[in-house]
Amino acid sequence: MPIDLSQPNWELLVPPLLLLLVGLVWIAASLSRGRFTLPGHLGYFWVFLLICVITDFFSFTPAVWLMALVSFRALREYFSLVDLRLEDRWGVLGAYLSIPFMIYLIQIDWYGFFIVSIPVYVFIVIPFLVTLADSQSQGSLLSIGAIDFGIFFFVFCLGHIAYLAFFSTWLVLLFLLGVVGCNAANAITARRGRMPGFVLSCLICLALTLGLRSWTLVPTGAAVFLGFLIPVLVQMGNHTVDALGRDLGISAADLEPGRGHVLFSLKAYLFAAPIVFHYLRWVMKFGELIHRHGT
Amino acid sequence: MAPDPRRLLALLLHLLVLRPFLHLVFGLNVRGRENLPTRGPCILAANHNSHLDILTIYGALPIRLVMAAHVVAAYDYFARHRLLFATVDFLFKPVWVDRNCRGGDTLDMMNGYLEAGESIIIFPEGTRGEAGQIGNFHCGVGRLAADHPEVPLLPVYLRGTERALPRKSSLPLPIWQHISIGPPQRLDAGVRDTTEALRESILALERSEIASRHQRRPDRRRTFVVAVLGIDGSGKSTLSRRLSLDLSQAGRTCLIGDSLELFADGDPCAAQPLLKEKLRRWVSAQAKDAKSLARYKIPKLTELLLRDALLGETKRWYGSDLIFMDGSPILNMTAWSILYRPEMMSADFCARAMAILAGRGSAKDPLFSEFPELKVMKRLGLTRLAMPDAVIFLDIPAAVSMNRIRNRGEKMQVHETEEKLGRLREAYLLVVKATAEKMDLPTFILDGDRDLESIATEARRAVEGARPESGGNGE
């Protein structure tokens with residue numbers, strides 16, 4: 001359903017208005033001097049948005065390497081928090097090197113290798129690196145688990161956002177706005193438990209997916225499904241990272257740079273990014289229909 | 001006064017290169033920046049874990065202090081690399097301290113800087129200690145503070161540097177650095193009290209930081225390994241069994257490392273058999289059948305190495321409080337090597353050989369050319385033997401031992417003659433002398449030619465005294 005630009009179309013105003021709204025809320029929060037705080041996720045919303053904008057107006061390469069920087073920051077904070085041994089240092093180095101490895105595969109659009117790069121190749125190398133340097137062989141299993149977990153979430157899962165930007169800027173925007181909407185809903189209803197927040201985030205996401213249909217080219221049925229899928233995944237991600245934070249001794253109440261700042265900001269994206277990506281690619285066949293280089 | 005152009009260049013390097021690098025690669029979180037004085041000199045005292053410490057501190061300092069601060073650095077360490085020395089000298093304008101020679105001129109230099117209104121950054125531990133541990137402080141910082149009661153003394157606690165670039169590794173990793181600057185201390189006390197008070201305030205900063213630190217799991221109970229040495233027939237295994245029974249009645253689990261007998265609550269109980277133990281017994285039997293000392297060597301060496309591997313495994317699998325070993329691979333090996341080369345007998349030789357076998361000696365030791373076996377073991381990575389925590393030597397004359405062996409009625413082993421056992425006994429005496437004097441191990445030499453009761457009482461008292469925690473909580 002291509003947009004007919006010859007006729008006045010009020011839908012053209014929807015995305016700029018949404019961005020304006022998010023921006024105004026952000027400015028209000030920063031001017032309120034702590035009386036009204038936003039969830040930290042909004043900071044990375046702007047970074048991801050920047051990635052979209054760079055992709056759209058300049059080229060994909062700088063955008064995808066900006067994504068690598070986000071991955072690096074998240075991974076660095078994660079490794080600062082978990083308890084690693086002296087013997088794990090080569091494994092951790094391998095984990096950092098997996099970022100450029102995966103990002104390069106996204107950059108050259110080798111989808112088939114990208115999707116197995118971390119689950120197969122990196123996950124084979126990391127245990128080897130950890131056990132290679134290990135003279136005590138005590139606690140290697142825990143270390144491998146901790147390192148692999150970090151790579152999986154903060155490199156592989158986040159990397160899907162970059163690949164999504166490769167397919168369609170509008171889809172990324174839809175996804176990002178959906179996640180921000182869910183976070184806003186959760187923040188508004190934080191005192192009333194999880195259920196009202198979930199209902200509200202479903203409503204927001206449904207409104208977004210249906211409202212932006214003519215931009216994202218997602219059919220109505222799929223838009224409804226996405227409207228439910230995003231809130232569920234955001235809830236799952238929030239729940240998991242909150243539990244992890246408790247285990248690592250950090251809480252959302254007192255975050256410091258290097259102590260959960262990035263982790264808590266990214267938690268809503270971790271589960272949603274790969275699943276939404278796969279839904280769009282495999283169910284909706286988006287990768288084949290709308291390919292930036294193809295059109 | 002116009003600033004020195006060299007210092008301005010160093011400042012530019014700090015602000016444009018080092019600080020962005022620190023923020024981009026490692027990440028820096030500063031707490032208590034408001035505690036830094038806005039004018040005048042100050043003394044910053046920090047815990048020392050890594051080479052990154054100094055970069056982290058400079059990353060947290062305001063420009064005023066970057067221009068006018070001097071770090072106290074070890075001349076003997078940095079002077080080894082000329083380029084590194086020049087870089088450090090240019091960037092940090094250090095007060096060089098040679099740790100090998102004591103001298104008052106560095107203190108004079110620091111006093112001069114403080115009087116000129118410049119600041120001092122000092123690591124009172126004097127060296128990069130164990131990762132995450134705050135060691136003992138040297139008194140220099142206390143003397144400096146006592147000489148300048150008007151200069152504020154600021155405790156600084158650094159965390160993350162010991163993980164980003166630990167002492168034992170040359171591979172820096174991107175890990176966040178946290179620096180806490182404590183409130184200024186004005187301590188009006190003696191040198192020693194000031195130093196101690198400073199250490200306390202850094203420990204307090206550590207405690208407030210540590211609340212958010214995650215540990216994988218609590219430390220395991222540490223197993224205390226007692227090596228019972230003695231020539232054949234001196235009653236080692238009898239003593240081990242007796243001690244295990246006694247101590248296990250007092251509530252500690254004991255393991256006899258060689259026969260894998262576990263004692264808990266005064267009773268021997270079933271222990272999980274280990275494959276290596278079976279292998280060791282077979283090799284040991286080969287050694288016992290050997291016809292000459294030359295043929296005895298290889299199986300015995302193998303057996304001792306297996307015994308060491310077994311010790312690691314028993315520690316892990318059984319987790320008992322105490323392990324009694326019939327001899328200790330590292331000590332026995334040293335003693336036996338003397339037996340083959342009688343001209344080498346000295347306590348100094350023993351200490352060096354044991355250091356090599358424990359993986360701590362230097363690679364260029366002339367011992368390697370004396371003992372080709374040592375070279376082979378080093379190449380095979382077998383020189384990481386475990387030192388025991390305490391040594392008991394049962395001393396009996398060789399004649400008594402020969403009598404006891406004859407009374408056993410077993411087949412004589414090749415080394416079991418009065419002359420050879422006498423030499424072995426001398427060798428053991430040298431080894432225990434080395435462990436007591438050169439290696440600071442708790443070592444007890446007991447007269448073995450008495451009744452078991454009195455030996456066991458004495459040995460038990462010795463073991464109880466040597467175990468570190470036995471003084472605090474009487475279980």
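Buried residues make up 37% of the 475 residues in chain B, where a residue is buried if 20 or more other C-beta atoms, placed from the backbone, lie within 10 Å of its own, exposed if 12 or fewer do, and partly exposed in between. The model is a predicted one, in which local features need pLDDT of at least 70 and side-chain atom pairs count only at pLDDT 80 or more, while totals for chains, interfaces and linings use all residues. Residues are numbered from 1 along each chain as its sequence is written, and chains are lettered from A and ligands numbered from 1 in the order in which they are written.

**Chain B in outline**

Chain B contains 19 helices and 14 strands; helices (H or I, at least four residues) and strands (E, at least two) are DSSP runs, numbered from the N terminus. Among contacts in chain B with a separation of 6 or more, 74% are between residues 24 or more positions apart; two residues are in contact if their C-beta atoms, placed from the backbone, lie within 7 Å.

**Helix α1 of chain B**

Helix α1(B) covers residues 5–26, 22 residues in total, and reaches 29 Å from its first C-alpha to its last, close to the 32 Å expected at 1.5 Å a residue. That expected span is 1.5 Å times one less than the number of residues. At H14(B) the helix bends by about 35°, the bend being the angle between axes fitted to the seven residues ending there and the seven starting there. α1(B) is hardly covered, with 2 buried residues among its 22. Just after α1(B), G27(B) takes a positive phi of about 90°.

**The seven-stranded sheet**

An open sheet of 7 strands in chain B has the order β11-β10-β9-β12-β8-β13-β14, with mixed pairing. Its edge strands, β11 (267–269) and β14 (443–447) of chain B, each pair on one side only. Neighbouring strands of this sheet are turned by 25° against each other on average, direction ignored. Two strands pair if DSSP finds at least two bridges between them.

β8(B) is mostly covered, as 6 of its 6 residues are buried. On one side lie F224(B), V226(B) and V228(B), on the other V225(B), A227(B) and L229(B), and all are buried. A227(B) has M325(B) as its bridge partner in β12(B) and V391(B) as its bridge partner in β13(B). Elsewhere in chain B, I256(B) stands opposite E261(B) in β10(B).

Helix α10 (residues 236–249) of chain B lies across β8 (224–229), β9, β10, β12 (322–326) and β13 (390–395) of chain B, running at about 170° to β12(B). Here axes are lines fitted to C-alpha atoms, for helices over the stretch in contact, and angles run from 0 to 180 degrees between N-to-C directions.

**Strand β6 of chain B**

The bridge partner of I43(B) in β6(B) is L153(B), and Y157(B) stands opposite S180(B) in β7(B).

| Strand pair | Sense | Bridges |
|---|---|---|
| β2(B) (residues 43–46) and β6(B) | parallel | 4 bridges |
| β6(B) and β7(B) (residues 177–181) | antiparallel | 4 bridges |
| β8(B) and β12(B) | parallel | 5 bridges |
| β8(B) and β13(B) | parallel | 4 bridges |
| β9(B) (residues 254–256) and β10(B) (residues 261–264) | antiparallel | 3 bridges |

**Contact between the chains**

The contact takes 22 residues from chain A and 18 residues from chain B. On the side of chain A that touches chain B, α3 (60–81) and α4 (89–107) of chain A each supply at least two residues. The largest share of that side, 5 residues, comes from α3(A). By class, the side of chain A that touches chain B has 12 nonpolar, 4 polar and 6 charged residues; Ala, Val, Leu, Ile, Met, Phe, Trp, Tyr, Cys and Pro count as nonpolar, Asp, Glu, Lys and Arg as charged, and the others, Gly among them, as polar.

D109(A), a residue other than glycine, has a positive phi near 55°. D109(A) is placed in the loop between α4 and α5 (111–132) of chain A and is partly exposed, with 15 other C-beta atoms within 10 Å. K93(B), likewise not a glycine, has a positive phi of about 45°. K93(B) is found in the loop between α5 (82–92) and β4 (95–97) of chain B and counts as partly exposed, with 19 C-beta neighbours inside 10 Å.
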